[in-house]
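Thanks for coming. Please look at the structure on the screen, and I will go through it piece by piece.

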Amino acid sequence: KKAISLIKAIEALTMRKAHLAVKHEEMFKVVNISLGIIGVSLGILLGTLIVAGIKANILRLSKRMEEVTSAIIENRQIPQEDIGSINSSDELGMLSNGLSKLIDSMSVDMSKREKLSKRLYELATVDHLTKSYNRFKWDKDHRSEIERSKRIGSDLSLIFFDIDHFKRVNDTFGHDVGDTSLIDVVAVASSVIRSIDSLYRIGGEEFA
């Protein structure tokens, strides 16, 4: 009887152990499936974020290149805008850094060229002494003004004047006084004409 009771107790214990083992195995499957689902979800999320980041960087670079191309075609200054560094050692990072350096270099060059062009235009069109427009500018403008007046049927007024006895001023008081006289005449004339009018020095002491 004792042996049978012992066998039955061992059998009951074994059944409980087997039941627990099955239960643990089922729980292990659930945990594995859950971890798998979480892993796949995280992979998809990280992949989506990486792809979105790459697309955003490429889009930013493309937009910046379009701005630079447009500025070059329209011959205007390249807008100074930081592309933003991409912390990457791959081709995208190299492209971003290279483009940033190229834009900085071109911006400086175009800025220098614009200043030089402006300075050359001033030298070509402005009288260096009186700062009024010079004969070159007069020859160009008066023709276009006449054509514009004819085209739109508007009135056109033109005044010629010169400084009387200017040679006598130079001979008597010297060229420095003569130069000051020219500067003063231009200052007076500029103060009485309208902002839409233009003043030209077309000869030594002759103005229009």
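Of the contacts in the protein with a separation of 6 or more, 51% are between residues 24 or more positions apart. Keep in mind that this is a predicted model.

Now the overall inventory. There are 5 helices and 2 strands in the protein. In sequence order the pattern reads α-α-α-β-α-α-β. How many of the 208 residues are buried? The share is 18%. The accessible surface is about 16100 Å², and carbon and sulfur atoms account for 62% of that surface.

Let me start with helix α1. It covers residues 2-73, which is 72 residues. Which residues of α1 are buried? They are Asn-57, Leu-61, Arg-64, Val-68 and Ala-71.

Next, a helix pair. Helix α4 is residues 166-173 and helix α5 is residues 175-192. Their axes are 6 Å apart, and the two helices pack at an angle of about 140°. That angle makes α4 oblique to α5, because only angles over 145 degrees would count as roughly antiparallel. On the α4 side, the residues in this contact are Phe-166, Val-169, Asn-170 and Phe-173. On the α5 side they are His-175, Val-177, Gly-178, Ser-181 and Leu-182. Sorted by type, the contact has 5 nonpolar residues, 4 polar ones and no charged ones.

One residue of that contact deserves a second look. Asn-170 lies in helix α4. Is Asn-170 buried or exposed? Its relative accessibility is 13%, so Asn-170 counts as buried, since the limit for buried is under 20%. Leaving out residues up to four places away in sequence, Asn-170 touches His-175 and Gly-178.

Staying in helix α5, we come to Asp-179. Asp-179 has a relative accessible area of 28%, and is therefore partly exposed. Asp-179 is 26 residues from Glu-205 in sequence, and their C-alpha atoms are 9.7 Å apart in space.

Ile-193 is at 32% relative accessibility, so it counts as partly exposed. Setting aside neighbours within four places in sequence, Ile-193 is in contact with Ser-198 and Leu-199.

Last, two backbone angles. The loop in question runs between α2 (91-125) and α3 (135-152). Lys-131 is at 60% relative accessibility, and so counts as exposed.

His-165 also has a positive phi, near 55°, and is a residue other than glycine. His-165 sits in the loop between β1, residues 161-162, and α4. With a relative accessible area of 53%, His-165 is exposed.

To recap the helix pair: α4 and α5 pack at about 140°, and the residues of their contact include no charged ones. That is all from me.

Notes: Residues are numbered from 1 along each chain as its sequence is written. This is a predicted model: local features need pLDDT of at least 70, side-chain atom pairs count only at pLDDT 80 or more; totals for chains, interfaces and linings use all residues. Side-chain values use heavy atoms; hydrogens and water are left out. Axes are lines fitted to C-alpha atoms, for helices over the stretch in contact, and angles run from 0 to 180 degrees between N-to-C directions. Helices (H or I, at least four residues) and strands (E, at least two) are DSSP runs, numbered from the N terminus. Angles under 35 degrees count as roughly parallel, over 145 as roughly antiparallel, 65 to 115 as roughly perpendicular and the rest as oblique. Contact means heavy atoms within 4.5 Å. Ala, Val, Leu, Ile, Met, Phe, Trp, Tyr, Cys and Pro count as nonpolar, Asp, Glu, Lys and Arg as charged, and the others, Gly among them, as polar. Buried means under 20% relative accessible area, exposed over 50%, partly exposed in between (1.4 Å probe, protein chains only). Accessible areas come from the Shrake-Rupley method with a 1.4 Å probe; for residues, only the protein chains shown count as cover. The expected span of a helix is 1.5 Å times one less than its number of residues.
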